[in-house]
Amino acid sequence: MATVTQEKPTAFGETYANAAGALPGANEAWIDGLRQAARARLGSEGIPTPKVEAWKFTPLNAIRNTAFIPAEKADDVDVTSVPVTAALLDDAIKLVLVNGVFRPDLSDDLTSLPDGVSIDLLNDLFAQNPAALKDDLGGLAAPADSFTSALNTAFMEHGLVVRFTRTDAPAPRIHIVSIGASGAQPVAFHPRLLISADAQAAGVIVESHIGLPGQSYLSNALSEVYVGQSARLQHYTVVSEDTDAFHLGRTAVQGARDADYSSFVLSLGGNLVRRDIQAGLTEEGAHVRVDGAYALSGTQHSDITSEIKHLVPNTRSNQVVKGVLGGESRGVFQGRIYVERDAQGTDGRQLHKALLLDRGPEVDSKPELEIYADDVQCAHGAATGEMDTDHLFYLMSRGIDEKTARAMLVEGFLDDVIFEIADDGVKALIHDLVKGWLVRQSELTAGGVS
């Protein structure tokens with residue numbers, strides 16, 4: 001097989017290389033080894049081109065050609081009074097990151113957390129107790145797994161370590177708000193999250209990724225999620241970055257026996273957004289639900305890519321992703337279900353649907369099944385189409401104007417997947433964000449939603 005060549009990175013050059021030796025934990029051999037392996041991968045393979053199958057539909061030329069500097073080296077970024085503009089989940093512990101760095105002045109007090117949850121700062125553990133990270137850091141997201149894993153691992157410094165231990169109701173809820181902001185030069189930041197739920201524990205995590213206008217920036221977040229035996233973890237991600245921003249995000253999940261992990265990704269804003277999720281079901285009875293929605297306009301690009309690995313018998317996965325596209329936007333869904341030879345009794349299902357609001361958008365959908373067992377129930381489906389004119393006519397015949405009718409149909413299309421969200425508070429939050437997007441599109445477009 002011919003080797004696929006990739007262009008070497010130009011976006012992360014000398015400024016980044018010079019910063020590597022000053023990262024916390026550099027004197028720990030195993031941490032330095034992780035970073036060195038990641039930098040070696042970046043140096044040998046570079047930023048992937050569309051010749052790499054996993055990145056076929058999401059070109060990274062704009063990232064490659066932008067000279068990013070580490071966010072902490074941008075001394076002209078005004079973050080002294082950054083407003084937390086994202087909608088917040090009620091009764092949740094609020095944690096705010098600015099350019100990947102934890103901001104205690106904008107966050108809830110970490111010294112007075114409720115029972116059932118512990119939160120540590122990654123850079124503190126690097127400096128004071130790196131042994132506490134050794135079993136988990138890099139265990140699910142190795143540098144060799146992907147470009148985004150390698151990039152995050154090479155320069156990981158700041159982030160959060162969250163552990164849920166409570167086994168009775170109500171489950172603790174945490175809302176992480178990550179704010180991007182650039183000064184005179186484009187910046188990049190690489191927040192790392194380690195999330196775990198102990199056996200029979202429960203928890204809710206919401207991530208909101210937002211941005212302030214200015215120079216473009218790159219947010220490259222990576223989460224490693226461990227769900228223990230009979231634990232229940234709900235994990236929701238909202239991406240609404242600045243219009244000039246780039247967002248790369250990856251989540252790697254491992255589910256133990258009878259574990260239940262549910263995820264939802266909502267992509268609303270950003271120049272280019274790519275969210276990856278990889279879930280490994282390693283013990284019987286594990287279940288993952290990985291849903292999502294995207295709403296795009298202008299020239300936005302959104303890519304949701306998933307890989308669900310059924311590695312043992314009697315595991316389940318469900319996935320539904322729906323998107324609406326206007327203008328000249330581009331939506332990408334790549335979903336792969338892998339079933340190991342001995343994973344009999346697997347039940348894996350996947351569906352992607354896209355609604356085109358104009359003639360200009362493009363949708364690329366690539367569902368995959370790779371099955372080596374014979375006693376399984378697996379299915380995938382994909383459909384893309386324009387708005388149903390009969391439905392539109394029906395609403396207008398009831399006295400509803402065309403603009404409102406179109407918005408109602410779009411909202412109903414996305415509500416099918418949003419209403420599957422288990423947490424009522426998160427469901428309401430995401431529903432309101434979608435309605436806000438529709439209102440903004442209606443205000444910006446004279447002839448209807450686009």
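**Group meeting talk: contacts, helices and salt bridges**

Hi everyone, let's start with leucine 266: setting aside neighbours within four places in sequence, leucine 266 is in contact with Thr237, Val238, Val239, Ala293, Ile430, Leu433 and Val434. Contact here means heavy atoms within 4.5 Å.

Before I go on, this is a predicted model, where local features need pLDDT of at least 70, side-chain atom pairs count only at pLDDT 80 or more, and totals for chains, interfaces and linings use all residues. Residues are numbered from 1 along each chain as its sequence is written, and side-chain values use heavy atoms, with hydrogens and water left out.

Back to leucine 266, which lies in strand 13 (residues 260-269). Helices (H or I, at least four residues) and strands (E, at least two) are DSSP runs, numbered from the N terminus. With a relative accessible area of 1%, leucine 266 is buried. For that scale, buried means under 20% relative accessible area, exposed over 50%, and partly exposed in between (1.4 Å probe, protein chains only). The C-alpha atoms of leucine 266 and methionine 408 are separated by 19 Å, and these residues are 142 apart along the chain.

Next, serine 302, found in strand 16 (residues 301-310). Serine 302 also counts as buried, at 1% relative accessibility. Leaving out neighbours within four places in sequence, serine 302 has contacts that include Tyr294, Leu296 and Arg330. Keep Arg330 in mind, please.

Now the helices. How many of the nine residues of helix 5 are buried? Nine of the nine, so helix 5 (residues 147-155) is largely enclosed by the rest of the structure. Two packed helices are described by the angle between their axes and the distance between the axes. Helix 2 and helix 5 pack at an angle of about 130°, with axes 8 Å apart; axes are lines fitted to C-alpha atoms, for helices over the stretch in contact, and angles run from 0 to 180 degrees between N-to-C directions. That makes helix 2 oblique to helix 5, given that under 35 degrees counts as roughly parallel, over 145 as roughly antiparallel, 65 to 115 as roughly perpendicular and the rest as oblique. On the helix 2 side, Leu34, Arg35, Ala38, Arg39, Arg41 and Leu42 meet Phe147, Ala150, Leu151, Thr153, Ala154 and Phe155 of helix 5.

Finally, salt bridges: a search of the whole structure finds 21. The criterion is a side-chain nitrogen of Lys or Arg within 4 Å of a carboxyl oxygen of Asp or Glu.

Glutamate 53 pairs with lysine 366, and their closest N and O atoms are 2.9 Å apart. This pair links distant parts of the chain, 313 residues apart: glutamate 53 is in the loop between helix 2 (29-45) and helix 3 (61-64), and lysine 366 is in strand 20 (residues 362-371). Glutamate 53 is partly exposed, at 45%.

Aspartate 416 and lysine 322 meet in another salt bridge, 3.3 Å from N to O. Here helix 7 (residues 402-418) holds aspartate 416 and strand 17 (residues 316-325) holds lysine 322, 94 residues apart.

Aspartate 364 lies in strand 20 and arginine 330 in strand 18 (residues 330-339), so the pair ties together parts that are 34 residues apart in sequence. Aspartate 364 counts as buried, at 12%. Thanks, everyone!
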